[in-house]
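This report goes through the structure shown below, one region at a time. Terms are given with their cut-offs where they are first used.

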Amino acid sequence: MIRAITGVSVISRAARILVLLISLLIPLTGVRGDESPPDVEAEDIDVSGNGITGDPFADDSLFSSDFTNEPADTEAQKSRVKLDMHGYLESRNRLRTGDSRLVSARQRLWLEAQAGYGIVETIGAEPPFRFFVSGAVDLDPAAADLSDDHDTARLYLEEAFLTVDRPGWNVVIGRKIHRIGTGDGINPLDLINPIDYRDPFATGRSDARLPVLLGLATINLPVPEPFQEANLDVIVVPLAEVNRLNSPGSAWEPPGLQKLRAGHREGAYILEDQKEPDRVFEQTEVAVRLAATLSGWDMSLIGFYGYLDSPVFEREYRSGSGAMQTLHITPIHPDFSAFGFAFAKGLDRSTLRGELAVKPDLPVMTKDETMPGFSRTPVMEGVLGIDRTFGTNLYVNLQYFLIHTWEAEYLISDTWAHGITYDVHDSFLQDDLEAGVRGIVGFTGQGWSFETYAEYQLADDWLFQGSLLLFEGSESGAYGQFDGNDMVTLRVRYSF
Amino acid sequence: MIRMTISLICMILLSAGIGHAEPTGRDIMLKADEVDTSRDAAMSSRMVIERGSLKLQRSMESLTKQYGKNLKDERTLIRFVEPADVHDTAYLTWSYDDPEREDDMWVYLPAESLVRRISGGGKKGAFMRSDLANEDIEDRAVDDDEHTLTGEENVSGTACYVIESVPRPELKKDTNYSKRVQYIRKDLYLPAKIDYYDKRGKLLKTATFGGYKQIDGIWTVTRFLYETPRRKTRTLFQRSNISYNQGLDDALFLQNNLMR
């Protein structure tokens, strides 16, 4: 019994020692457990005269001179008016190499401003009512000398739109460029904005677009798992706007149009004026886009009803004087519809992009001289591209495009047309200099465009750019038709 | 019984020895990763890039919100204010703690009125022509690197853990660096300095951190300096108007919010 008691007693004493030791050791073990963050008042942090110990910037000397202008407060405010204005001054000069003629010497003052008004309900949100406007003054005597497309001086409004932004939806009304395609250079589903006829090529690979008057409503849809974001866009253009035909003499007047005009001058037929849509709320365009994001995929279904941007030439015999019938050719823009799918997917250091559009009754010009000069046929257009950054900054973008036209034997189109777009560029001199090549190559008679360029940024405000843009191919090709338009461009821009 | 007691004491001392073991590099980096306990953050940032007598200035506003079960996924919106030629350009990133899952990234280009998905291929490129690479401003998961505690050192008069962080083999192709040597303050678990080594193992650049402030209860670095001796350039970066846990709306982190 004694032994037993003694034994219990010894074990109990050992247990007490064990508990004591453990209780002493716990504060020494591990890295800080679940304690509260270090606190100055609790003397966890050593505070010296200019802040906490070990702060190399506590004396403010290094950050004093360039950090005086604190940006706007990020706190939500009950009401605020926000106004920003920016712009640039630019001199862009284009010399056509074939005849050493200056086809553009555009001097531009560009201004844009945005204003916001309303109660900002949460930090980071924008005011619910916002207005954006941009416009410019262009002086381009060289282009004005060539054709009526350009005035020597032109003051114009580019975009001007009001955005009403509410939780779950927003509406945009005004003149705007709105792109919905994902492809690069070739976008079968970007059907809303017409091409800028004065300057159709923004680069060797991409076109330039003009804003249109539109209404855009976007609704954020509820997203059941695994979707991460879903939106429904509805776009209404009350009056369709289309590609305007270039005036005679313009650098961008296609040879086909030149021949038509020559035939008109010779009296072979009468070439009527371009018949653009002109009935507001009758000749409207509507696009609907349902977009969703899911596991790295951006996907959208797109439906469009509207008017052909590039005209077809309607042929019609009309009675003239006596029994004579005269052929009238009129550039018109028939309606059509399109349905499609667009996607983008991030893949490691690459992005995959694609569009597929079906245009069931697309007006296409006929080969022969039958009436009315065009026919409707199903057309399918697809693009599939990938971009990737190699090393630090070497960017490569390749995109394959394919167009299939049914019943093409009667039409000016080929049954299959395809080609690639490309963009390869890199950065040098601490990223101040970017240089590269970009363009489009058609494999089925479209010809090709090629641009090599370099742009140098001096400080934050100055941009110097030089490029050589080449076209090659047959006269009937989309790019070959500008074979005579190889040009050197020099641009200097000051942004403010 | 005496032997039993001695054995117990030995076990206790042994366990005490284990308890006294230095934390591992990963322990410290996990701890550093937990300093920012915020669910969301809003701030303004200003960056001055010095290239000899030339100074480039950038400013931006950014919003961040944590997502996922352990709040380890993150969505970030950065909108540029300056310089004028990139005004309103915005980047939206959805990053995931799961190293197997690719980040989602989009850029809004106001001049082209275009929201465009981009890939992480540009991570190694310079951030806005500064001394920072794009990867330097990203939220890097602790387990993207193997961390080794190599010692302790005083930096700017305060004690720091010195941790060598080497990218996991499968991630080496995605980074400019063969390793980063991080000096983590022992009191705040915030960085005091980071030395970046290039792929050849040579010192590429150094980041020095400061402007430590306790904001809404969270210790925060508000100023840092990146210096690249080879290029003779440096970048000063300052964060201001910082606020945490303001209940940022999820809609701010949608693609739809990028376009103005």
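## A strand residue of chain A

Leaving aside residues up to four places away in sequence, A:H404 touches A:M380, A:T415 and A:W416; two residues are in contact if their C-beta atoms, placed from the backbone, lie within 7 Å. The model is predicted, so local features need pLDDT of at least 70 and side-chain atom pairs count only at pLDDT 80 or more, while totals for chains, interfaces and linings use all residues. Residues are numbered from 1 along each chain as its sequence is written, and chains are lettered from A and ligands numbered from 1 in the order in which they are written.

A:H404 lies in strand β18 (residues 394-405) of chain A. Helices (H or I, at least four residues) and strands (E, at least two) are DSSP runs, numbered from the N terminus. A:H404 counts as partly exposed because it has 17 C-beta neighbours inside 10 Å; a residue is buried if 20 or more other C-beta atoms lie within 10 Å of its own, exposed if 12 or fewer, and partly exposed in between, with C-beta atoms placed from the backbone. A:I386 is 18 residues from A:H404 along the chain, and their C-alpha atoms are separated by 21 Å.

## Chain A and one of its sheets

Chain A has three helices and 23 strands. It has 496 residues, of which 29% count as buried. Among the contacts in chain A with a separation of 6 or more, 56% come from residues 24 or more positions apart.

An open sheet of three strands in chain A has the order β10-β14-β13, with mixed pairing; two strands pair if DSSP finds at least two bridges between them. β10 (270-271) and β13 (312-319) of chain A are at the edges with a single partner strand each, so one side of each is left without a neighbour in the sheet. β10(A) runs parallel to strand β14 (residues 325-332) of chain A, and two bridges join them. One of these partners is A:H328 in β14(A), which pairs with A:I270.

Strand β10 (residues 191-197) of chain B has five of its seven residues buried, so it is largely enclosed by the rest of the structure. On one side, six bridges join β10(B) to strand β9 (residues 179-185) of chain B, and the two run antiparallel. B:P191 in β10(B) stands opposite B:I184. The two strands form a hairpin with five residues between them, and B:Y189 in the turn has a positive phi of about 60°.

β10(B) also runs antiparallel to strand β11 (residues 203-210) of chain B, with five bridges joining them. B:I194 has B:A207 in β11(B) as its bridge partner. This hairpin too has five residues between the strands, and B:G201 takes a positive phi near 85°.

In helix α2 (residues 25-33) of chain B, the buried residues are B:G25, B:I28, B:M29 and B:A32. Seen down the helix axis, they fall within an arc of 95°, so they line one face of α2(B); the arc is that of the directions from the helix axis to the C-beta atoms. Their cover includes β7 (145-155), β8 (158-167) and β9 of chain B.

The largest nonpolar core has 37 residues, and B:I28, B:I184, B:A207 and B:F224 touch the most other members. Such a core is a set of buried Ala, Val, Leu, Ile, Met, Phe, Trp, Tyr and Cys residues joined through C-beta atoms within 7 Å. The elements of chain B giving two or more residues to this core are α2, β1 (40-51), β8, β9, β10, β11, β14 (223-228) and β15 (233-244). Another core, of 31 residues, lies apart from it and includes A:L216, A:V312, A:V364 and A:L411.

B:R58 lies in strand β2 (residues 54-67) of chain B and counts as buried because it has 21 C-beta neighbours inside 10 Å. Not counting residues up to four places away in sequence, B:R58 touches B:M47, B:F80, B:E82, B:P83 and B:M128.

Between the chains, 76 residues of chain B are in contact with 69 residues of chain A. On the chain B side, the largest share, seven residues, comes from β2(B). That side divides into 30 nonpolar, 29 polar and 17 charged residues. Here Ala, Val, Leu, Ile, Met, Phe, Trp, Tyr, Cys and Pro count as nonpolar, Asp, Glu, Lys and Arg as charged, and the others, Gly among them, as polar.
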